[in-house]
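Subject: Structure for you to look over

Dear colleague,

I am handing over the structure below, and I would be grateful if you could look through it with the notes that follow beside you.

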Amino acid sequence: MSSPTTSPRVLVIIPARYASTRFPGKPLVDIAGRPMIIRVVERALSVCSDVVVATDDERICSVVEQYGYRAVMTSADLSSGTERCLEAYRLLGAEADVLVNLQGDEPFIADEQIRLLISAFDDPSVDLATLAQPFPSTTTNEELANPNAVKLVRSTSTGYALYFSRSVIPYLRSVEGPWAKEHTFLKHIGLYAFRTHVLPTIQSLPASPLEESERLEQLRWLEAGLRIRVMLSDQESIGIDTPEDLKRLPL
């Protein structure tokens with residue numbers, strides 16, 4: 001008889017820094033009576049019992065612990081959320097099969113989206129995974145061109161990412177009028193998961209030219225030859241990048 005399949009041990013780490021360029025203090029902004037970082041933690045806990053906030057700021061650490069949740073202090077000299085997750089994982093001395101990097105500015109991430117991301121690892125060949133959602137067909141060309149909305153293209157045969165960009169991809173050369181009516185464009189949801197055995201490789205990679213051009217860390221992994229499985233979600237995700245984003249919250 002074959003042995004039963006066991007579920008992977010999943011650890012969710014939520015990177016959160018206070019000194020955001022576009023929105024200083026963002027993790028502690030009040031959303032309907034609760035700090036944003038607490039809302040993200042509680043979303044994660046609805047799916048996974050092992051959740052930790054990784055931060056370089058005592059104010060964020062203090063708030064998380066006041067609510068009874070776990071936090072770990074990391075270096076202030078880290079260039080990305082993934083680097084903060086990797087350092088936190090090392091400091092915790094944790095043992096997990098899959099590490100989920102859940103951004104601290106996604107207070108409305110759906111339980112189903114986190115589960116969908118984790119389900120990518122049902123396939124033993126998947127080492128990295130992320131999420132995307134289709135732009136509505138009513139999306140204007142101007143909305144597609146917004147550099148804060150990262151776009152991606154993936155292989156329809158394998159489901160793996162081909163490229164991520166702040167520009168509109170693909171370019172519809174012969175189409176006039178609204179492009180979204182003619183093609184399904186994909187918006188990247190900045191949620192990642194990794195098998196922990198690939199973490200040393202990811203940590204050792206130097207910054208790449210494409211990453212530095214687009215300011216997208218996932219391009220470093222693609223340039224190094226790593227494959228990123230893209231799971232498609234049909235649910236809206238509302239990230240908070242700027243103070244203006246607070247005005248469109250579903251409250």
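To begin with the contacts between charges and rings, Arg59 lies over the face of Tyr18, at 3.6 Å from the ring centre, and the charged end of Arg229 is placed over the ring of Tyr160, 6.0 Å from its centre. Please keep in mind while reading that this is a predicted model.

Turning to the aromatic residues, the count comes to 5 aromatic pairs. In one of them, the ring centres of Trp179 and Phe185 are 6.4 Å apart and the planes meet at 10°, so this pair is stacked. Trp179 is buried, with a relative accessibility of 11%, and Phe185 is buried as well, at 1%. A further pair, formed by Phe194 and Trp221, is edge-to-face, with 5.4 Å from centre to centre and 80° between the planes. Because Phe194 belongs to strand E10 and Trp221 to helix H8, this pair ties together parts that lie 27 residues apart in sequence, and both Phe194 and Trp221 are buried. I would also draw your attention to Tyr171, which forms one aromatic cluster together with Trp179 and Phe185.

Ile169 and Pro170 are joined by a cis peptide bond, with omega at about -5°, and Pro170 is found in the loop between strand E9 (161-165) and strand E10 (186-195). Ala32, although it is not a glycine, has a positive phi of about 50°; this residue sits in the loop that runs between strand E2 (30-31) and strand E3 (34-35), and with a relative accessibility of 54% Ala32 counts as exposed. Arg215, likewise a residue other than glycine, has a positive phi near 60°, and its place is in the loop between helix H7 (209-214) and helix H8 (218-223), where Arg215 counts as exposed at 60% relative accessibility.

Finally, what of the cysteines, and how many disulfides does the count come to? The count comes to 0 disulfides. Cys61 is in no disulfide, as the nearest cysteine sulfur, that of Cys85, is 15 Å away, and Cys61 is buried, with a relative accessible area of 7%. For Cys85 the closest cysteine sulfur is in Cys48, and the 13 Å between the two sulfurs is too far for a bond, given that a disulfide needs a pair of cysteine sulfur atoms within 2.5 Å. Cys85 also counts as buried, at 1% relative accessibility.

With kind regards

Technical notes
Residues are numbered from 1 along each chain as its sequence is written. This is a predicted model: local features need pLDDT of at least 70, side-chain atom pairs count only at pLDDT 80 or more; totals for chains, interfaces and linings use all residues. Side-chain values use heavy atoms; hydrogens and water are left out. Buried means under 20% relative accessible area, exposed over 50%, partly exposed in between (1.4 Å probe, protein chains only). Helices (H or I, at least four residues) and strands (E, at least two) are DSSP runs, numbered from the N terminus. Rings of Phe, Tyr and Trp (its six-membered ring) pair if their centres lie within 6.5 Å; planes under 30 degrees apart count as stacked, over 60 as edge-to-face and the rest as tilted. A charge sits over a ring if NZ of Lys or CZ of Arg is within 6 Å of the ring centre and within 35 degrees of the ring normal.
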